[in-house]
Amino acid sequence: PDTANGRRLALARWIASSNNTLTARVIVNRIWQMHFGTGLVATPNNFGQKGAKPSHPELLDWLTQRFLDGDWRFKSLHRLIVTSATYRQSTQHPQEASMFALDPSNKYYWSAETRRLDAEQIRDSILAVTGQLDLKAGGPGVTPSVPRRSIYLRMMRNSRDPLLQVFDLP
């Protein structure tokens, strides 16, 4: 039993070691994938030899180093990505035809990809467009009839909001 704990501790230390950047690279890739729909490595579950090569290896290395230098802070990584010019691009490009001819798969991120909103984002968008969304921060959970951001919704296992259910609330 003691040897098993020692092996687990050694594995945990190796996974989180600053000498082992693989863990940080996988995390950075998955966060990029969350924001852009595809990762810098197209096979997020396989960073090995049979997995895909990074589409932008220098960017992955740079983001990973920033993540490590920032003490593995997820909020800083998210902020760095969502404030980038790449993330803030429009889905329409002024020279769309010529860019599409050069890069039809948008490998070089010349425009933003359209992506599906999740259920909470749809609800918040509907409330925002109609001018009903209450942006007050904090406070107790509310029922779906209250026009607060969806992050404040009280979730009941057996009584789910029909609007959110239609849009595949997890």
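**A walk through the model**

Let's start with G48, which counts as partly exposed because its relative accessibility is 36%. The scale behind that label goes like this: buried means under 20% relative accessible area, exposed means over 50%, and partly exposed is what lies in between, using a 1.4 Å probe and protein chains only. G48 sits in the loop between helix 2 and helix 3. Helices here are DSSP runs of H or I with at least four residues, numbered from the N terminus. Counting along the chain, G48 and R30 are 18 residues apart, and their C-alpha atoms are separated by 15 Å.

Before we go on, a word about what you're looking at: this is a predicted model, where local features need pLDDT of at least 70 and side-chain atom pairs count only at pLDDT 80 or more, while totals for chains, interfaces and linings use all residues. Residues are numbered from 1 along each chain as its sequence is written, and side-chain values use heavy atoms, with hydrogens and water left out.

Now go to helix 1, which covers residues 2-15 and contains L11. L11 is partly exposed, with a relative accessible area of 46%. Together with W14 and I15, L11 makes a nonpolar surface patch of about 300 Å². To join such a patch, a residue needs over 30% relative accessible area and no salt bridge; nonpolar side chains (Val, Leu, Ile, Met, Phe, Trp, Tyr) are joined within 5 Å, and like charges within 9 Å. The areas themselves come from the Shrake-Rupley method with a 1.4 Å probe, and for residues only the protein chains shown count as cover.

Next, find helix 2 (residues 22-36) and helix 4 (residues 74-82). How do they pack? Their angle is about 45 degrees, and their axes are 11 Å apart. An axis here is a line fitted to C-alpha atoms, for helices over the stretch in contact, and angles run from 0 to 180 degrees between N-to-C directions. Helix 2 and helix 4 are therefore oblique to each other. On this scale, angles under 35 degrees are roughly parallel, over 145 roughly antiparallel, 65 to 115 roughly perpendicular, and the rest oblique.

I31 is buried, with a relative accessible area of 7%. Its C-alpha atom is 14 Å from that of S84, 53 residues away along the chain.

Time for some charged pairs. How many salt bridges does the structure hold? There are five, where a salt bridge is a side-chain nitrogen of Lys or Arg within 4 Å of a carboxyl oxygen of Asp or Glu. One of them joins D61 and R25, whose closest N and O atoms are 2.3 Å apart. D61 lies in helix 3 (residues 57-69) and R25 in helix 2, so this pair ties together parts that are 36 residues apart in sequence. D61 is partly exposed at 40% relative accessibility, whereas R25 is buried, with a relative accessible area of 18%.

Another salt bridge links the side chains of D168 and R116, at 3.2 Å from N to O. D168 is in the segment after helix 7 (162-166), and R116 is in the loop between helix 5 (96-102) and helix 6 (119-129), so the pair ties together parts that are 52 residues apart in sequence. Both D168 and R116 are exposed.

Compare that with D124 and R123, which also form a salt bridge, with closest N and O atoms 3.7 Å apart. D124 is buried at 17% relative accessible area, and R123 is buried at 5%. I122 is buried, with a relative accessible area of 17%. I122 and L163 are 41 residues apart in sequence and 9.2 Å apart in space, C-alpha to C-alpha.

Finally, visit the loop between helix 5 and helix 6, where you'll find N106 and Y109. N106 has a positive phi of about 60 degrees although it is not a glycine. Y109, not a glycine either, has a positive phi of about 55 degrees. N106 counts as buried at 6% relative accessibility, and Y109 is buried with a relative accessible area of 15%.

Key
Helix = DSSP H or I, 4+ residues; strand = E, 2+ residues; numbered from the N terminus.
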